Amino acid sequence: MIQLHGVSKEYRVGSERVHALRSIDLEIARGEFLAVMGPSGSGKSTLMNIVGCLDRPTQGTYRLDGINVNRLGDSQLAVLRNRRLGFVFQSFNLLPRLSAIDQVALPLVYRGALNRRKVAAAALALVGLSNRAHHKPTQLSGGQQQRVAIARALVSRPAIILADEPTGALDSKTSMDIMDVLRKLNEELGITIAFVTHEHDVAAYTRRIISLRDGQVVSDVPNTPSYAQPQAAPAEHVAP
Amino acid sequence: MTLADVLITALSALRSNLLRTLLTMLGIVIGIAAVITLTAASEGAQKGVGERIRGLGSNLMFVRPGAVEESGVQLPGSGPGLFLEDARAILDAGFPYVEGVAAQAAVGGPNPGILPVQVIHLGQNKSTSLLGAEPSYEFVRDFYVERGRFISEDDLTKKALVTVLGGDVVDELFGTEDPIGQTVRIAVGPGSFAVGFNFTVVGVMERKGASAGTDQDDVVIVPLPSFQARVPFIRDPRGFTNVNQINIKLTDRSKAGQAKEEIAALLRQRHNEAEDDFRIQTQTDVLSTATEVERSLQVLVVSIALISLLVGGIGIMNIMLVSVTERTREIGIRKAIGAKRIDILWQFLIESLVVTTLGGVLGVVSGVGATRVAEQFQIGGDNPYAVTPLWVLVGLAVAAATGLVAGVYPAWRASRLDPIEALRHE
């Protein structure tokens, strides 16, 4: 579903060239649940930005659901983000003015969809926040805000939810709650989830762990979820 | 994203910073209110002046003496070279289009120069203008006696000391008392140099209203020869009778051009001067001069109002730029979840348009309100205020255009933001 071939990203900082990513090859199949780990500056965020169609690689090709993303213009990328990608951020990134249900409905607004509220309410129910639909972000706890963000990411039924340190701003108890929500979405609805994290105990929830260093993949290994989980890892998920 | 969505987004953003929105809007409200009020005042004045000039009588033509040049400044109507005999000659020439001729001489009035006029009755006095007139004045100027009688041929030959009063003079000196048969004293000249004579009131003029600077009801009319005999300083050494103005009533306005030429030729022949020492104005000339003055006043007034709008527009642009910077992160979030550049552009543009359009509507409302209040308290005299639909539309259009112009650049900046940078923005 997601295929990166020889993807590199260079930045110019002043006169210096920074290689954020060096020739990455990566495939992510539908239904995977994976973590990307690595020290700061290893290129994790750049990788997520490219996979999330927020950024374009300087070299290499990226295909999402068979679409060659390299060739798309800004507005086509926006459509891709809207329809096939969901984002969850470390700092939640909710809009301060909107109630939970309006936050969740926002991607549908940009799509021009009908009965958004109904769809948004269903998404909120999936993360267990039906009773907070009309609260503003300031009236919600950190964990609840992140759940609203997750609902917003999944409301458009994306191919993949990308999360950049989704538990980075939460205490460990709440972090585990959020991971449970993500795991549930992956297992029960088959939504593909990829996230960046520093924390090994968070990464332990996933079935695949990719480690980056200096813009290169240094390891890509299957993981047995640390909690007792009878399901076997899907067969197609094998590191390239 | 539908227009309704964009509007809802804009309104909620504006509501979340209500005070700032209102203050920003105020600039536009004041600008548009100024446009509406000032144009209403000037349109009203223009209309009023036009009506009054037309009210002088529809087919009038005026002959005035040429200008006396005083230290390089031409003072129109101040020369000595126009006589009662000229008026007689115009009438006697038998021009088929001349319906009536009335010579007049006047002193006093609101800007009396060296000859102010006081009319006095039983200790009450009023400064006014003194008009020496012929019996034909009534017909030619279309200005009739309401009570009593006007000046007669008999009064002229006798140089009778009789007078017909304007409505304002009657009000002030007599109140509700009947002035006919009473005596008033008319004093001409400055302070202790004033020369006064008693006149018997024989009539009261109908009300005519103010006209281009002079109030036609604030007048005391006496027979022209009595005026000549009693008012000092206005004497021609050759024994001719000086007049200020000859009013000519034409049968038909379309003859004005021909009349102007032929009467000018006649006067030139009589006066035999190298340069014309008289001026002939048709009513159209007077009207177009007045209109011209009003026009340039209106241009001035509207440009002042537009400058205030410009200032309001700059305020809006400034606030929109601040708003874009403040909401960089919001823009990043919106882009991440699928907003296109055009969506962001619209969001900020509509915000700016909503502020100015709402400001424009409020400005029109308060402008109309201001004209009502001004009319109530007669600010700017008794001129009417005319709020014209044209200027209301112009005001609204300018307000919207201001929003568009002020919003485009900030909105464009917002739309060009890189989502990654924007999301990183604190």
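Buried here calls for 20 or more other C-beta atoms within 10 Å of a residue's own, with exposed at 12 or fewer, partly exposed in between, and C-beta atoms placed from the backbone. Strands are DSSP runs of E with at least two residues, helices are runs of H or I with at least four, and both are numbered from the N terminus.

A word on the model itself: it is predicted, so local features need pLDDT of at least 70 and side-chain atom pairs count only at pLDDT 80 or more, while totals for chains, interfaces and linings use all residues. Residues are numbered from 1 along each chain as its sequence is written, with chains lettered from A and ligands numbered from 1 in the order in which they are written.

Strands pair when DSSP finds at least two bridges between them.

| Strand pair | Bridges | Direction |
|---|---|---|
| S5(B) (residues 117-121) and S9(B) | four | antiparallel |
| S9(B) and S10(B) (residues 195-205) | six | antiparallel |

Val188(B), meanwhile, has Val195(B) of S10(B) as its bridge partner. S9(B) and S10(B) make a hairpin with six residues between them, and Gly189(B) in that turn has a positive phi of about 120 degrees.

Now for chain A. It has seven helices and 10 strands. Its radius of gyration (over C-alpha atoms) is 18 Å, close to the 18 Å from the globule rule for 240 residues, so chain A is as compact as a globular protein of that length; the rule is 2.2 Å times the number of residues to the power 0.38. Buried residues account for 47% of chain A.

The largest nonpolar core has 126 residues, and Val104(A), Leu124(A), Ala151(A) and Leu154(A) touch the most other members. Such a core is a set of buried Ala, Val, Leu, Ile, Met, Phe, Trp, Tyr and Cys residues joined through C-beta atoms within 7 Å. Helix H2 (residues 18-55) of chain B gives this core its largest share, 14 residues.

Where the chains meet, chain A puts in 20 residues and chain B 19, contact meaning backbone-placed C-beta atoms within 7 Å. H2(A) supplies the largest share of chain A's side, six residues.

Definitions and conventions
Contact = placed C-beta atoms within 7 Å.
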